[in-house]
Amino acid sequence: MYGTHKRTTMIQVGKPVRGTAFVGREKEIKEILNYIEIGQSIVIIAPRRFGKTSLVTEVLRRLKTKKKYTGFIDVFEHSTVTELTRSIIAEVLENHGLKKLYQQTKGSITALLKNIKLKAVVEDFEFLVGLEDDSIDQWTNFSQSIDFIDDFAERHDKDLCFAFDEYGDILKFDKADAIIKLMRAKIQKQQKAVYIFSGSYESVMETLFTNNKSPFYRLAKIIHISYLPFSDLRRYMVKMLKGAEIDYDIKLIEDSIDFLKGHPYYCQLALQQIYLYHLTQGKAPTIHGLIDIITQSERGYLVKTWEDTSSNKEAVLVLKHLSTESTGVYAMASREKINASRTLKKLEGAGIIYQEKSAYYYYDPVFQYWVANTIK
Ligand SMILES: Nc1ncnc2c1ncn2[C@@H]1O[C@H](COP(=O)(O)OP(=O)(O)OP(=O)(O)O)[C@@H](O)[C@H]1O
Ligand SMILES: [Mg+2]
C-alpha cells in the first residue's frame with residue numbers, strides 16, 4: 001500500500017500542486033503574504049502552466065493556518081453571473097464550514113431557513129434570501145455578494161483574503177466592463193477583505209490592471225512569477241526518484257532542468273516520464289529520448305498554441321526565427337519586409353516570449369523546440 005501511495009503522488013502532472021510536490025516560491029509567498037498583511041491586493045501574472053493556481057492555493061493554505069478567512073474562485077469554471085454570485089457566497093460561508101450546507105439548499109428559501117446555522121447567517125445578511133427572488137436582478141445580487149465578502153469578515157472581526165483565479169476570464173461575461181468597474185469601486189472601499197487576482201493571459205491581465213484607462217489601474221500590486229530555481233528542482237527530483245527507489249542518473253536530471261529552464265510544468269512532466277521510463281525499460285532515458293517523449297506527449301497543446309499564436313505571416317517568421325536565435329529579429333524582419341515590433345509586442349503580451357536586453361526568448365522551451373523542429 002505504501003508503495004502505491006508514493007507512486008500515485010509521483011505521477012501527477014497538470015493539477016495544481018501542494019505539499020511535497022510544491023517546489024520553491026518561498027520568496028514569492030513571503031512577499032505576497034506581506035502585502036496581504038498590510039491590506040494590499042495582489043495580481044499574479046505568469047504565462048500558462050507556471051504555477052499560478054498552485055501558488056495562490058499555497059498562499060491561502062498558509063493564511064488558513066494563521067486562522068485568517070479565505071475564499072477561492074476559478075472564474076473560468078463559471079458560465080453565468082448568477083453562478084459566480086453563488087460560488088462567492090459559498091466560499092465566504094465555508095469559513096464557518098457552511099459551504100456544503102449552503103449548496104445543498106440550492107437557493108430554496110425554505111431550506112435556507114430550516115437550517116439553524118444558515119438561518120443565523122441569513123438574519124445577519126438578508127440579501128441571501130433575495131437570491132431566489134425573481135424581482136431582484138442578477139447584477140444586484142452579484143454586487144451584494146462582493147459586499148458580503150467584506151461584511152462577513154467585518155461581522156466576525158476577521159481579515160479575509162479572497163482569490164479570483166483566471167480573472168481575465170471575466171471578459172467572457174456580458175457587461176464585463178461593468179463587472180470590473182463595480183468590483184473595483186467596492187474593493188477599494190473595503191476594510192477587511194484583500195484580494196488576489198491571477199490569470200493566464202498576460203495581455204488580458206495587463207489590460208485589466210495596468211492600462212491607464214483600465215478601471216483596475218493601481219488597485220493591486222502586480223507580482224510576476226517565473227521559472228523555478230535549478231537547485232530546488234534538482235533537490236526535489238532527486239528526492240522523488242530516490243523515494244521511488246529508482247537508480248536515477250543525476251546528469252539526466254540536471255540536463256533536463258537546464259533544457260526545460262526550470263519550467264514548473266515541464267520539469268514535473270520530465271520527472272514523471274523519467275520514472276515511467278525506468279519502470280518500463282529498467283534504465284534511464286537519454287536526454288534526447290526524454291525531450292522527444294515530452295514533445296510527443298504535449299503535441300496537442302503545442303499544435304493548439306501554434307494555431308493561437310501564428311495567425312499571420314509576420315508571427316510565423318518571428319516565432320520561427322526566435323526558435324533558433326534570440327537576437328537578430330529586426331535584421332530578419334527588414335530582409336523579409338515585415339513589421340517585427342508589432343508582432344513582438346503581441347507575442348509578449350500573450351505571454352509567449354519575453355525580452356531581455358535586446359534578445360527575445362520563448363517562455364515555453366518545449367514549444368520553442370517544437371517550432372524549431374516542426375515548422376518549415
Ligand atoms: N511550485 C511548484 N512546484 C512544483 N511544480 C509546480 C509548481 N507550480 C506548478 N507546478 C507544476 O506545473 C503544473 C501547473 O501548475 P498550476 O496549475 O498551478 O499552473 P497555472 O499557472 O495555474 O496553470 P494554468 O495556466 O493552466 O492555469 C502543475 O501541475 C505542476 O506539475
Ligand atoms: Mg491555473
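I began with lysine 52 and found an N or O atom of its side chain 2.7 Å from an oxygen atom of ligand 1. I counted a polar contact as a pair of N or O atoms within 3.5 Å. The model is a predicted one, where local features need pLDDT of at least 70, side-chain atom pairs count only at pLDDT 80 or more, and totals for chains, interfaces and linings use all residues. Residues are numbered from 1 along each chain as its sequence is written, chains are lettered from A and ligands numbered from 1 in the order in which they are written, and side-chain values use heavy atoms, with hydrogens and water left out.

I then looked up threonine 53, which has a polar side-chain atom 2.7 Å from an oxygen atom of ligand 1. For glutamate 166, I noted a polar side-chain atom 3.1 Å from an oxygen atom of ligand 1.

I checked the cover next: ligand 1 taken alone exposes 630 Å², and the protein buries 94% of that (Shrake-Rupley method, 1.4 Å probe).

I listed the shell of 20 residues around ligand 1, of which Lys15, Arg48, Lys52, Thr53 and Ser54 come nearest (near is a heavy atom within 4 Å). I sorted the shell into eight nonpolar, six polar and six charged residues, with Gly counted as polar and Asp, Glu, Lys and Arg as charged.

Terms used
Polar contact = N/O pair within 3.5 Å; in protein donor to acceptor, adjacent residues only side chain to side chain.
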